[in-house]
Amino acid sequence: MLTTRFVDGAPNWLDLGTPEIDGAAAFYGGLFGWRFQSAGPDAGGYGFFQLDGRTVAGGVQTTPEQGPPAWTVYFRSDDAQATAKTAEQAHGGVVVQPTDVMDKGRMALLSDQAGVPFGIWQPALRKGVDLAGVPGSLCWVELYTADIAAAAAFYYKVLGLETSGLPFPGGTYTCVNPPQGDEESVFGGMVPLAEDPAEAQAGAYWLPYFEVEDPDAVVEKAQQTGGRVRMPATTLEGVGRMAKLADPYGARFAVIRSEPQQT
């Protein structure tokens, strides 16, 4: 699971692009207790979702020309320029060139070999989110893609990410961890689109998971406030109880009550 002990290659930020930032803030506030705080007049409308005063994500109002409503996951890099160049060499793309964000850090928006967007955050004063792996914050990420082997090769070359197989009833789950990590540093997985017809129809993308105490209550609240249930609350033995949702504007995310790790 994710923590705020950020290392190169691991997720350290995420943000929401939405056509209605006020509506999105109300929706996620109802689900997770977040409040939206503007980053100031020089930030172009960008702001922070906060839980008890601690930042858990970013958000900004976007136009249709900037793409559909979506969550973007950012991965830590100590050299955004070099990472962007490597992504291009690995048959990915650079959507937004590496750019300084005031004195907070350096960001870039890239795409992988299948066209899936993701971000890079090279930290300066802003190391990443303030909370991870606790209720109301990011705890896991999952890549849905048509070709696991190609995706694994791309992210290994660009971010140094390593993969491993975890057997489960009916198949094998592909786990992802930072370079030279161990089982405690696993922060996500890769899932073949063919295993889920609904995901296959939606196309490849990174899915963020937020830790919650009561997934069923979150699902009910999401439905009451304009969200959509993409997968009802389901228990997976050894993992936890989870659900896949979309907010009122179509941005996809998931929630989970993780089972305590055995020691």
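A residue is called buried when its relative accessible area is under 20%, exposed when that area is over 50%, and partly exposed in between, using a 1.4 Å probe and protein chains only. The structure described with these words is a predicted model, in which local features need pLDDT of at least 70 and side-chain atom pairs count only at pLDDT 80 or more, while totals for chains, interfaces and linings use all residues. Residues are numbered from 1 along each chain as its sequence is written, and side-chain values use heavy atoms, with hydrogens and water left out.

We begin with the sheet. Helices (H or I, at least four residues) and strands (E, at least two) are DSSP runs numbered from the N terminus, and two strands are said to pair if DSSP finds at least two bridges between them. By these rules, 8 strands form an open sheet in the order 2-3-4-1-5-8-7-6, and the pairing within it is mixed. Its edges are strand 2 (35-38) and strand 6 (93-101), each of which pairs on one side only. Neighbouring strands of this sheet are turned against each other by 30 degrees on average, direction ignored; here, axes are lines fitted to C-alpha atoms, for helices over the stretch in contact, and angles run from 0 to 180 degrees between N-to-C directions. As background, strands of a sheet pair through backbone hydrogen bonds, either parallel or antiparallel.

Towards strand 8 (residues 117-123), strand 5 pairs in the parallel sense over 3 bridges, with glycine 119 in strand 8 as the bridge partner of tyrosine 74. Because 5 of the 7 residues of strand 5 are buried, this strand is largely enclosed by the rest of the structure.

Strand 1 also pairs with strand 4, in the parallel sense and over 4 bridges, and there the bridge partner of leucine 16 is glycine 59. The hairpin of strand 3 and strand 4 has 2 residues between the strands, and in it aspartate 52 takes a positive phi near 55 degrees. With 6 of its 8 residues buried, strand 4 is largely enclosed by the rest of the structure.

Helix 1 (residues 21-32) lies across strand 1, strand 2, strand 3 (47-51), strand 4 (54-61) and strand 5, and runs at about 125 degrees to strand 1. Helix 2 (residues 80-89) packs on the sheet by touching strand 6, strand 7 (105-111) and strand 8, and its direction makes about 175 degrees with that of strand 6.

The axes of helix 1 and helix 5 come within 9 Å and cross at roughly 155 degrees. That makes helix 1 roughly antiparallel to helix 5, where angles under 35 degrees count as roughly parallel, over 145 as roughly antiparallel, 65 to 115 as roughly perpendicular and the rest as oblique.

Last come the charged pairs. A salt bridge is a side-chain nitrogen of Lys or Arg within 4 Å of a carboxyl oxygen of Asp or Glu, and by this rule the count comes to 5. One of them joins the side chains of aspartate 8 and arginine 76, at 2.3 Å from N to O. This pair links distant parts of the chain, with aspartate 8 in the segment before strand 1 and arginine 76 in strand 5, 68 residues apart. Aspartate 8 counts as partly exposed at 30% relative accessibility, and arginine 76 is partly exposed too, with a relative accessible area of 22%. Another salt bridge joins aspartate 216 to arginine 241 at 2.7 Å, N to O. Because aspartate 216 lies in helix 5 (residues 215-224) and arginine 241 in strand 15 (residues 240-246), this pair ties together parts that are 25 residues apart in sequence.

Methods. Contact = heavy atoms within 4.5 Å.
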